[in-house]
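Open the model in your viewer and keep the selection tool at hand. The stops below go in order.

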Amino acid sequence: MEWPASCARMSGTTAGNADPTSILETWRMRLIRWGFNLFPAYWGTGGRVTYIAPDWHEVRVCLDLSWRTRNYVGTIFGGSLYGAVDPIYMVMLIKSLGSGYVVWDKAATIRFRKPGRSTLYARFEIAPHQLDAIRAELEGVAKIDRVFHVDLTSADGTVHTSVEKTIHIARRDLEMSGR
């Protein structure tokens, strides 16, 4: 895996898109990415969305060690580690499943494996077959929970933090009727 040296230096249509198998970022997705990064609640985490696939099946995030993210002992603050990855799976599912579904974050666990002393990277992926499985399961039940996993890694692939997100997904027609 080849990653850029720093979040702050990334620009261009392939920003954060070092994987040649990924789809190039469109102008529309670039504008969405900029909006996401400028949204005050996300901007405050120190994280930066560096790539969003046009179909929302992949999102990449990086988190620099900087004066804004540094904790008392000189490593990346745990709140920044979690905050940088917190909303991503929920937003991906909202965009991928469409308006017929209600999606909420339900729970999360974070495991700090190594202190973050450099820029860290996270790659979120939801395969089309996972979306098909969610839709199929929701044909028989009103709501489900799914667990998604993401690691924050350094450029050499070392895992520094692991996060599990439990996401609540329901069919909108049944959720709104109270069933």
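Helices here are DSSP runs of H or I, at least four residues, and strands are runs of E, at least two, numbered from the N terminus. Step on to G98, which follows α4 and has a positive phi, near 95°.

This is a predicted model, in which local features need pLDDT of at least 70, side-chain atom pairs count only at pLDDT 80 or more, and totals for chains, interfaces and linings use all residues. Residues are numbered from 1 along each chain as its sequence is written, and side-chain values use heavy atoms, without hydrogens and water.

Next, colour by pLDDT, the predictor's confidence in each residue, from 0 to 100. The protein averages 88, and 85% of the residues score at least 70. Over residues 9–17 the value is below 50. Where pLDDT is low, the predicted coordinates should not be read in detail.

Now select V61. Its contacts (heavy atoms within 4.5 Å), leaving aside residues up to four places away in sequence, include Y42, V49, I88 and F124.

Finish at D64, in the loop between β2 (58–63) and α3 (78–85). D64 is buried, and its side chain makes a polar contact with that of T119 at 2.5 Å. For such a contact, a pair of N or O atoms lies within 3.5 Å; within protein, one must be able to donate a hydrogen and the other to accept it, and residues adjacent in sequence count only if both atoms are side-chain atoms.

Notes
Buried < 20%, exposed > 50% of the residue type's maximum accessible area, 1.4 Å probe, protein only. Lys, Arg positive; Asp, Glu negative; His and termini not counted. Salt bridge = Lys/Arg side-chain N within 4 Å of Asp/Glu carboxyl O.
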